[in-house]
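Hi everyone, thanks for coming. Please have a look at the sequence and the model on the screen, and then we'll walk through a few parts together.

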Amino acid sequence: MAVGASHAETLRIATEGAYPPFNFLDNGELKGFDVDIAKAICAKMVVECSFQAVAWNNIIDGLEANKYDLIVASMAFSKERAARIDFSEPYYRSHSVLVGDEKYQDTSPEALAGARIAVESGTIQAEYLKKAYPKSTILLGEDQPAARKLLIEKKADLLIGDAIELLTFMETPEGSAFSYVGDPISSDFLQSSAHITAHKGNQALLARVNAALKEIKLNGTYDRINDAYFPFSIY
């Protein structure tokens, strides 16, 4: 049974915990932009919130099994997901990009025929690669750190992901050798907004989430969280 915020002593929230700076584990504690936004929303809704880290490929299954009430994990909209779960208004916007060696100037499917492209399994970027780059070798990582590792270890030529998340990666010692390749990807299949998601049909809870999102945008809370992680607005 879906749990509405007005009936929940504690709102159970799932995130991935492997997608810095949006969500990650720090000495066993979940932190990141997604986590802070979720805490701000819970405070505005006047509910307690508990968090759990869930592997990306299992996160929708867990929501359907009522193991938690919301997913706050930078989830993009897709028609396939919308058939199973419901989405809030966007809480940030970004684009998908490729990163790798600067020698790859042409990122067309023809130019990247035979190239090895790493991607996190179960993401809209993984589905996009299967459709748009059939002649490339697609290497699936179980999570974003695993996909990044394929690039770092030169097992992949390129990595696809969210532009903001990959900017953070390229600011690390391991990622500093890589650059954005080509322009941000323009595709109807790749949505550029992230959403909070709830059980299918639980519009009452999402209405409260949307109202809380609007309020933290208006009162400056959102901007303070944004500025703690990024040097520019991601809304």
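Let me start with a question: which residues are linked in a network of salt bridges? They are Asp61, Glu64 and Arg84. By salt bridge I mean a side-chain nitrogen of Lys or Arg within 4 Å of a carboxyl oxygen of Asp or Glu.

Before going on, some ground rules. This is a predicted model, where local features need pLDDT of at least 70 and side-chain atom pairs count only at pLDDT 80 or more, while totals for chains, interfaces and linings use all residues. Residues are numbered from 1 along each chain as its sequence is written, and side-chain values use heavy atoms, with hydrogens and water left out.

Back to the salt bridges. The structure holds 11 of them, and I'd like to show you three.

When I name helices and strands, I mean DSSP runs, numbered from the N terminus: helices are H or I with at least four residues, strands are E with at least two.

Next, Lys200 and Asp86 form a salt bridge at 3.1 Å, N to O. Lys200 lies in the loop between β13 (193-199) and α7, while Asp86 is in strand β7, so parts 114 residues apart in sequence are tied together. Lys200 is partly exposed, at 48% relative accessible area, whereas Asp86 is buried, at 9%.

Glu165 is in helix α6 (residues 163-170) and Arg148 in helix α5 (residues 144-152), so the pair joins parts 17 residues apart in sequence. Glu165 is buried, with a relative accessible area of 1%, and Arg148 is buried as well, at 12%.

What is the order of the strands in the open sheet of 5 strands? The order is β10-β9-β11-β8-β12, with mixed pairing. Strands β10 (137-141) and β12 (179-181) stand at the edges, each with a single partner strand, so one side of each has no neighbour in the sheet. From one strand to the next, the twist averages 40°. Two strands count as paired if DSSP finds at least two bridges between them. Strand β9 (residues 116-120) pairs with β10 in the parallel sense over 5 bridges, and Val119 has Leu140 of β10 as its bridge partner. Helix α5 packs on this sheet, touching β8 (96-100), β9, β10 and β11 (158-162), and its direction makes about 150° with that of β11. For touching, the rule is heavy atoms within 4.5 Å.

Strand β1 (residues 10-15) runs parallel to strand β5 (residues 48-53), joined by 6 bridges, and Leu11 stands opposite Cys49 in β5. β1 also pairs in the parallel sense with strand β6 (residues 70-76), over 2 bridges, where Ala14 stands opposite Ile71.

Now for two helices. Helix α1 (residues 33-45) and helix α7 (residues 203-218) pack at an angle of about 105°, with their axes 9 Å apart. That makes α1 roughly perpendicular to α7, a term that covers 65 to 115 degrees. The axes are lines fitted to C-alpha atoms over the stretch in contact, and angles run from 0 to 180 degrees between N-to-C directions. Residues making this contact include Ile37 and Ile41 of α1 and Leu205 and Val209 of α7.

Definitions and conventions:
Angles under 35 degrees count as roughly parallel, over 145 as roughly antiparallel, 65 to 115 as roughly perpendicular and the rest as oblique. Buried means under 20% relative accessible area, exposed over 50%, partly exposed in between (1.4 Å probe, protein chains only).
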